[in-house]
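Reader: Could you walk me through this chain, one question at a time?
Author: Gladly, let's take a look together.

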Amino acid sequence: MNQYLFVLLSFVHVLADPDFAKLDGAPPSKIAVVGAGIGGTATAHFLRQHFGPEVSIDVFEKGSVGGRLATVTVNHQDYESGGSIIHSLNLHMQDFVQQLGYVAGKTAVFNGDEFILEETDWYLLDLFRLWWRYGISFIRLQMWVEEIMEKFMRIYKYQAHGYAFSSVEELLHSLGGSGFINMTRRSLSESLLELGVSQRFIDEVIAPIMRVNYGQNISIPAFVGAVSLAGAQANLWAVEGGNKLVCSRLLKLSKANLIQSPVTNITLRSTGIRRNRQLKNTSIVKTKLNCVHLDL
Ligand SMILES: Cc1cc2nc3c(=O)[nH]c(=O)nc-3n(C[C@H](O)[C@H](O)[C@H](O)COP(=O)(O)OP(=O)(O)OC[C@H]3O[C@@H](n4cnc5c(N)ncnc54)[C@H](O)[C@@H]3O)c2cc1C
């Protein structure tokens with residue numbers, strides 16, 4: 001079933017010493033990235049692309065590469081236990097997995113006793129059956145989610161121009177104006193009913209999607225609900241063998257050094273940034289850094 005959710009949100013904070021101002025000049029000699037989840041490994045990858053082969057990139061990871069992209073093994077089968085399915089508009093992930101295979105599934109609605117609706121190979125038949133049961137609620141929903149996704153896509157333009165935001169509110173406002181901010185303050189069910197989506201559709205389709213994707217109900221804020229619903233659309237995919245493979249692949253591509261150690265402290269100094277690193281059975285090591293990434 002295709003009822004998951006898809007936005008890989010990672011907040012990349014780049015703290016820089018005065019040298020960082022020279023982005024278009026001499027590259028820094030050493031960069032530390034904290035965390036080897038998708039945020040950290042993608043950052044290592046982009047930093048390598050930006051600064052070239054000379055710069056030394058260290059990625060510090062206290063747990064496993066992949067972070068919240070993780071799998072668990074049950075009865076000799078691996079299952080995604082974190083970020084499971086990727087949306088087709090996640091252009092970075094699309095790009096990252098070009099060299100990896102992907103799998104796709106079908107959607108169904110189960111009421112606890114039987115399947116009320118099952119996706120078939122016949123698109124028109126599926127449309128007719130949806131309309132028969134829910135009227136045009138699914139079209140209204142689709143248009144709503146698409147409009148939000150379209151605005152969300154502006155994030156790639158901001159990134160392409162090297163634009164950064166200092167708060168989540170600022171980011172949301174730039175993407176979708178006050179509409180996005182308001183969506184964080186009202187419930188999903190309220191927004192959908194106002195949109196003209198039927199209660200039956202909310203109960204049979206929306207509520208299960210919220211439960212599966214986030215373990216929540218329809219009273220969650222409309223913004224996060226819309227993100228969750230984007231994960232219930234078509235054109236979803238996952239990486240065969242686990243999405244976490246993208247992280248190890250990115251680390252390899254970036255030729256970054258993986259250091260399996262927690263970062264215990266980061267200190268900003270006027271002359272640069274010093275990171276105190278506590279390695280097992282050793283004293284604290286201090287290293288001058290040009291640039292630091294924080295995974296939050
Ligand atoms: C149950 C669940 C389901 C999800 N489903 C989806 C989905 O279907 N689709 C989707 O797109 N997204 C999904 N997400 C969200 C997605 O998994 C996350 O947004 C994404 O993986 C976060 O990546 P990240 O790199 O920002 O953070 P993380 O993956 O959390 O990586 C941070 C890393 O930093 C390390 N770290 C932290 N502090 C330190 C330190 N001091 N020193 C060294 N290392 C440190 C951690 O060990 C971790 O490995 C889901 C998340 C969860 C939990």
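Reader: Happy to start with the helix called H6: what covers its buried residues?
Author: This is a predicted model, where local features need pLDDT of at least 70, side-chain atom pairs count only at pLDDT 80 or more, and totals for chains, interfaces and linings use all residues. Residues are numbered from 1 along each chain as its sequence is written. Helices (H or I, at least four residues) and strands (E, at least two) are DSSP runs, numbered from the N terminus. In H6, Leu 172, Phe 180 and Met 183 are buried (20 or more other C-beta atoms within 10 Å of the residue's own; exposed is 12 or fewer, partly exposed in between, with C-beta atoms placed from the backbone). Their cover includes H7 and helix H9 (222-230).

Reader: Is Thr 184 buried, exposed or partly exposed?
Author: Thr 184 sits in the loop between H6 (168-183) and helix H7 (188-195). Beyond its neighbours within four places in sequence, Thr 184 is in contact (C-beta atoms, placed from the backbone, within 7 Å) with Pro 221 and Phe 223. Because Thr 184 has 13 C-beta neighbours inside 10 Å, this residue counts as partly exposed.

Reader: How far apart in space are Thr 184 and Ala 222?
Author: In sequence, Thr 184 and Ala 222 are 38 residues apart. From C-alpha to C-alpha, the distance between Thr 184 and Ala 222 is 6.1 Å.

Reader: Which residue in E3 stands opposite Val 34?
Author: Strand E2 (residues 30-34) is paired in the parallel sense with strand E3 (residues 56-60) over five bridges (pairing takes at least two DSSP bridges). The residue of E3 opposite Val 34 is Phe 60.

Reader: And which residue takes a positive phi in the hairpin of E8 and E9?
Author: Strands E8 (residues 108-110) and E9 (residues 115-118) pair in the antiparallel sense over three bridges, and Val 109 stands opposite Leu 117 in E9. Four residues lie between the strands, and the one with a positive phi, near 105°, is Gly 112.

Terms used. Contact = placed C-beta atoms within 7 Å.
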